[in-house]
Amino acid sequence: METKDKIIFNGVSFFYGRNRVLDTIYAKFQEHTITAITGPSGQGKSTLLGLLNCMWNEIPGARCTGEIRIRLGNDWVSPLEKDIPLPLLRRKVAMIFQEPNPLPMSIAKNMAFPLKLAGMRDKSLIEEKVRNALVQAFLWEEVRDRMEKSALDLSGGQKQRLCIARALVLEPEVLLCDEPTSSLDARAGGIIEELLVSLKAHCTLLVVSHYMDQVRRIADRVMTLQDQGLRPI
Amino acid sequence: MIHGIAEKAIAVFSWVLTLALCLSVAFFLGYLFFRGFPSLGKELIFGQADPLKAVMGSIRVFEGIFPAIVGTICLVVLSATLALPVGVCSGIYLAEYAGPGMKKLLGMLFDILAGIPSIVIGLFGFSLAVFLHNHFSDHFGPCLLISALSLAVLVLPYIVRSTQTSLEELPVSIRKTALALGASKLQNTVYVLIPNALSGISSGIFLAIGRCAEDTAVILLTGVVATAGVPSSLLSQYEALPFFIYYISNQYSNQAELSRGYGACLILLGICAALFLLAYGMKKHLSYRTLYRA
């Protein structure tokens with residue numbers, strides 16, 4: 001179903017210098033689903049995610065060929081063709097990293113930061129969006145009374161949920177999660193899993209994970225990246 | 001067993017050397033204080049002149065080091081003003097925008113510049129003054145501006161390299177955070193990378209300030225004189241504390257005069273400390289003002 005497709009990889013290959021990391025990948029990802037990507041370490045799972053929001057552009061000597069298409073709203077964009085400005089692409093295709101990375105400032109400022117980067121100045125609108133994102137990330141009740149406190153004082157799980165909320169505040173259509181629970185304990189990881197499943201209603205998720213139990217719990221589809229190729233399991 | 005003993009021996013050796021270093025600095029400062037403190041006072045700075053009138057500029061100070069203090073502060077502030085924007089911007093360019101070839105080439109040029117002896121930089125300043133005098137106006141000659149320009153060239157590599165290194169050493173997680181949130185390269189540099197690298201950048205600035213305040217060879221050829229009074233313009237000659245110290249340590253006729261030299265050393269150290277504190281305060285303020293205030 002063409003209309004349900006959100007992301008299409010069409011013969012995508014990726015190189016670090018002369019080293020081929022991904023080889024002619026063909027894949028489709030449907031909207032409002034969670035696709036888990038597994039596979040041995042060092043096979044290029046994080047690189048694969050980074051192709052979608054062009055984070056690979058920041059790596060010297062990296063090169064990508066083929067075609068990637070992402071449907072944003074009603075339009076298809078091709079990041080490799082550079083037909084969309086990078087900041088705009090990254091607001092719509094957000095990324096959560098393995099290690100929570102709150103900025104060294106208050107919770108409120110962390111949350112408002114992406115909105116201000118996007119040029120939003122309306123204080124009441126910012127507050128509303130921040131609150132909605134924190135509610136969506138199951139964090140509002142825990143931080144509502146300490147929004148002006150440093151984000152660095154939160155627990156590991158709370159920090160990761162803050163980072164997810166910070167990405168959600170931009171209302172992304174695709175959420176890329178690079179091992180989002182690997183630095184957390186089982187309880188905090190469980191909350192994040194529950195959160196990711198709930199986010200399916202709002203966006204399309206690609207989750208890199210090493211934990212097969214977790215993958216079975218949350219994913220609609222599982223794919224493995226091995227020997228430079230992506231295959232469904 | 002042998003490995004454990006060797007490790008302990010290295011630890012003790014390092015500790016002893018660190019202690020020796022700290023004691024040397026303490027001894028040096030103590031000695032300076034011991035020799036210079038008796039001469040510290042109104043007379044050392046203002047001589048027989050009325051301090052208020054001297055500060056207001058209504059009378060000239062002949063016997064005190066007040067003009068040298070003012071000259072030194074002017075020199076440091078002017079040199080830093082000239083060197084900082086160029087140095088910091090070059091460092092940012094090298095770290096964030098330059099390609100590998102350009103990075104290598106410019107890096108090598110700045111390293112060569114850092115290795116040039118200060119007397120050669122002074123000679124360059126002197127040649128520049130002569131050139132301007134011969135080709136543009138008789139008003140040009142060795143002066144405060146030429147000295148500041150020469151000192152700026154002298155300290156530029158420290159500022160460039162410290163800015164470049166502190167930006168390049170930022171962890172990838174910090175580099176990627178704002179980019180992944182939709183920041184442009186410029187926004188990422190201004191709002192995230194520079195504030196996070198400010199500690200390293202300011203180390204280079206501190207070093208540059210210290211170098212501007214203490215260097216004698218450069219100013220010797222570019223405009224400092226023994227008696228010029230408080231500098232009246234950028235194109236006038238001036239007095240400076242390092243030169244006063246150098247001059248008096250060579251020309252003193254009695255212990256009281258030498259003691260004035262030690263007193264001037266203490267004041268120079270005080271000025272450096274004050275400028276460091278000012279730079280540190282500005283760093284903290286800047287960091288707060290710029291950090292993530294998109």
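Trainee: How do H6(A) and H7(A) lie relative to each other, roughly parallel or roughly antiparallel?

Mentor: Keep in mind that this is a predicted model. Helix H6 (residues 156-168) and helix H7 (residues 186-199) of chain A pack at an angle of about 20°. Angles under 35 degrees count as roughly parallel, so H6(A) and H7(A) are roughly parallel to each other.

Trainee: And how far apart are their axes?

Mentor: The axes of H6(A) and H7(A) are 9 Å apart. The crossing of H6(A) past H7(A) is right-handed.

Trainee: Which residues make that contact?

Mentor: From H6(A) you have Gly156(A), Gly157(A), Gln160(A), Arg161(A) and Ile164(A). H7(A) brings Ala188(A), Ile191(A), Ile192(A) and Leu195(A). Sorted by class, that contact has five nonpolar, three polar and one charged residues.

Trainee: OK, over to chain B. How many helices and strands are there?

Mentor: Chain B has twelve helices and zero strands. Its C-alpha atoms fill a box of roughly 65 × 65 × 35 Å along the principal axes.

Trainee: What percentage of chain B counts as buried?

Mentor: The figure is 37% of its 294 residues. As for contacts in chain B between residues at least 6 apart in sequence, 75% of them join residues at least 24 apart.

Trainee: What about a helix pair there, say H5(B) and H7(B)? At what angle do they cross?

Mentor: H5(B), residues 100-115, crosses H7(B) at roughly 140°, and their axes come within 8 Å. That angle makes H5(B) oblique to H7(B). The crossing is left-handed.

Trainee: Who's touching whom?

Mentor: Phe110(B), Leu113(B) and Ala114(B) of H5(B) meet Leu156(B), Pro157(B), Val160(B) and Arg161(B) of H7(B). By class, the residues of this contact are six nonpolar, no polar and one charged.

Trainee: Let's zoom in on Leu175(A). What is it in contact with, leaving aside neighbours within four places in sequence?

Mentor: Leu175(A) is in contact with Ala94(A), Ile96(A), Ala167(A), Leu199(A), Cys203(A) and Leu205(A).

Trainee: Now the contact between the chains. How many residues come from each?

Mentor: Chain A gives 21 residues and chain B gives 14. On the chain A side, the elements that give two or more residues are helix H2 (86-92), strand E6 (93-96) and helix H3 (107-117). H3(A) supplies the largest share, five residues. By class, the chain A side has twelve nonpolar, two polar and seven charged residues.

Trainee: I was also curious about Arg90(A). Is that one buried or exposed?

Mentor: Arg90(A), found in helix H2 of chain A, has 28 other C-beta atoms within 10 Å. The cut-off for buried is 20 or more, so Arg90(A) is buried.

Trainee: What does Arg90(A) touch, not counting residues up to four places away in sequence?

Mentor: Arg90(A) touches Asn53(A) in its own chain, plus Leu179(B), Ala180(B), Leu181(B) and Gly182(B) across in chain B.

Trainee: And where does Glu31(A) sit relative to Arg90(A)?

Mentor: Arg90(A) and Glu31(A) are 59 residues apart in sequence, and their C-alpha atoms are 17 Å apart in space.

Conventions. Residues numbered from 1 in each chain as written. Chains lettered and ligands numbered in written order. Predicted model: local features only at pLDDT ≥ 70, side-chain atom pairs only at ≥ 80, totals over all residues. Contact = placed C-beta atoms within 7 Å. Helix = DSSP H or I, 4+ residues; strand = E, 2+ residues; numbered from the N terminus. Nonpolar A, V, L, I, M, F, W, Y, C, P; charged D, E, K, R; others polar. Buried ≥ 20, exposed ≤ 12 C-beta atoms within 10 Å, placed from the backbone. Axes fitted to C-alpha atoms, helices over the stretch in contact; angles between N-to-C directions. Parallel < 35°, antiparallel > 145°, perpendicular 65-115°, else oblique. Left-handed = near helix turned anticlockwise from the far one by under 90°.
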